[in-house]
Amino acid sequence: MWQRLYEEVGALGFVPITVAFDSAGVAAARPWIESAKSTYPSLIDTGHLVAELYGMVNVPIGVWINEQGRIVRPPESAGASDGFREMDQKTFKMPEEAMASSRAAKRAYIEGLKDWARRGDESPWALSESEVLRGFQPPSNEHALAATNFAMGLHLFAQVNAAAAQPYFAEAQHLHPENWSYKRQAWALDDPAKAGGPEFWSAVEALGDKPYYAPIEMPTR
Amino acid sequence: MATLLINNQSHPVPSSAERPDALWLKTVTLEATTGWTLKPEGVCRDEVCVPLPHGREAEFVNSDSFNIAAFARYMGQPVLHDHPSQSWAIGEAAESRASALRSLHAPDFTLPDMAGVEHSLSDYRGRKVFLVSWASW
């Protein structure tokens, strides 16, 4: 989906860099990268390093970085919205209204990216420093400990076995419950079907009124 | 042998069965493993030197070794030890991640693509970078 955008505005000095949070590595990511036929960098992040550096707790999460290497939009949903929560879990069908709002959110985000590609920091989509700072959720000590537990879990999963890794994955999820990557990566390593299975849906339902993908800050000027 | 996960890398290190809360590394290997070196002014990495707390030096340094677990805890970094597998994980302190983000300077990283070619974010300086996560799961 980013390839078309890149073809359209890449010549304006714009480049997507995708990062796959996939601890199973190239084997897991390859089919998707090949079908995207991407000509921008598609990177593999088995240790979820970028997630930790930028405080990304889900996918797809985007961060916009200007020509000087300054962050102009903090981690936020990259066009995904909560419409999927209205999906029928058996037929995978979404009500028309939810589909329309999902499409609109995605379209708005892509239009925002194009505007930024054209106008850079002059684009209203490029946020001011204080707006970017407001969007960050600085990691707490619990989050730092969660990241260390997750790293230990990935190491033990690869070097020992799933049972050795499990308590560390569980602790990471307990310490940072808002981090969906910890949950879904651990489920996927256990059984790829699990990441989108009953465990996932019951965790989403447990959110109640809270968003899965928080709405993003839209331009006001 | 034990394993130490630190700075997103994995290193073989000597096991230290006698003290489960201490990980003593030979000072000659300290820099290659952790990035820290012992100097007269303290424990140094890049331009930063951390003086060891007065009177507690023996917790951190002996004749030829350095207790990286004790030092990391002193620095506010999470330290985990998985006894059965002899694995250690030392994470980044929350404050160091937070202050990096507060600077709004995009943290650099280097990761491979599918062909194993490494790319750093800084290679793309001068362009507008849309950094976006995804996953197969």
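Because the model is predicted, local features need pLDDT of at least 70 and side-chain atom pairs count only at pLDDT 80 or more, while totals for chains, interfaces and linings use all residues. Residues are numbered from 1 along each chain as its sequence is written, and chains are lettered from A and ligands numbered from 1 in the order in which they are written.

**Chain A as a whole**

- Chain A holds nine helices and four strands, where helices (H or I, at least four residues) and strands (E, at least two) are DSSP runs numbered from the N terminus.
- Read from the N terminus, the elements of chain A follow the order α-β-α-β-α-β-β-α-α-α-α-α-α.
- The C-alpha trace of chain A spans about 50 × 40 × 35 Å along its principal axes.
- Of the 221 residues in chain A, 42% are buried; a residue is buried if 20 or more other C-beta atoms lie within 10 Å of its own, exposed if 12 or fewer, and partly exposed in between, with C-beta atoms placed from the backbone.
- Taking the contacts in chain A between residues at least 6 apart in sequence, 55% join residues at least 24 apart, a contact being two residues whose C-beta atoms, placed from the backbone, lie within 7 Å.

**The contact between chain A and chain B**

- Chain A gives 72 residues to the contact and chain B gives 42 residues.
- Helix H6 (residues 141-159) of chain A supplies eleven residues, the largest share of the side of chain A that touches chain B.
- That side of chain A has 49 nonpolar, 16 polar and seven charged residues; Ala, Val, Leu, Ile, Met, Phe, Trp, Tyr, Cys and Pro count as nonpolar, Asp, Glu, Lys and Arg as charged, and the others, Gly among them, as polar.

**Strand E12 of chain B between strands of chain A**

- Strand E12 (residues 128-134) of chain B pairs with strand E1 (residues 14-20) of chain A in the parallel sense over seven bridges, where two strands pair if DSSP finds at least two bridges between them.
- Within this pairing, Val19(A) has Ser133(B) as its bridge partner, and Ala20(A) stands opposite Trp134(B).
- E12(B) also pairs with strand E3 (residues 61-65) of chain A, here in the antiparallel sense over four bridges, and Trp64(A) has Phe130(B) as its bridge partner.
- In a regular strand the side chains alternate between the two faces of the sheet.
- Both faces of E12(B) are covered, with Lys128(B), Phe130(B), Val132(B) and Trp134(B) buried on one side and Val129(B), Leu131(B) and Ser133(B) buried on the other.

**A sheet of chain B and the helix on it**

- Chain B has an open sheet of four strands in the order E2-E1-E9-E8, with mixed pairing, and its edge strands are E2 and strand E8 (79-82), each of which pairs on one side only.
- Neighbouring strands of this sheet are turned by 20 degrees against each other on average, direction ignored.
- H6(A) packs on the sheet and touches E1, E2, E8 and strand E9 (87-90) of chain B, its direction making about 145 degrees with that of E9(B); axes are lines fitted to C-alpha atoms, for helices over the stretch in contact, and angles run from 0 to 180 degrees between N-to-C directions.
- E1(B) and E2(B) run antiparallel and are joined by five bridges, with Leu4(B) opposite His11(B).

**The largest nonpolar core**

- The largest nonpolar core has 86 residues, of which Ala20(A), Phe150(A), Leu5(B), Leu23(B), Ile90(B) and Leu131(B) touch the most other members; such a core is a set of buried Ala, Val, Leu, Ile, Met, Phe, Trp, Tyr and Cys residues joined through C-beta atoms within 7 Å.
- H6(A) gives the most to this core, with ten residues.

**Local backbone features**

- Most residues other than glycine have a negative phi, and most peptide bonds are trans.
- The peptide bond from Val59(A) to Pro60(A) is cis, with omega near -10 degrees, and Pro60(A) has its place in the loop between helix H3 (49-54) and E3 of chain A.
- Asn7(B), although not a glycine, has a positive phi of about 50 degrees, and it counts as partly exposed because it has 13 C-beta neighbours inside 10 Å.
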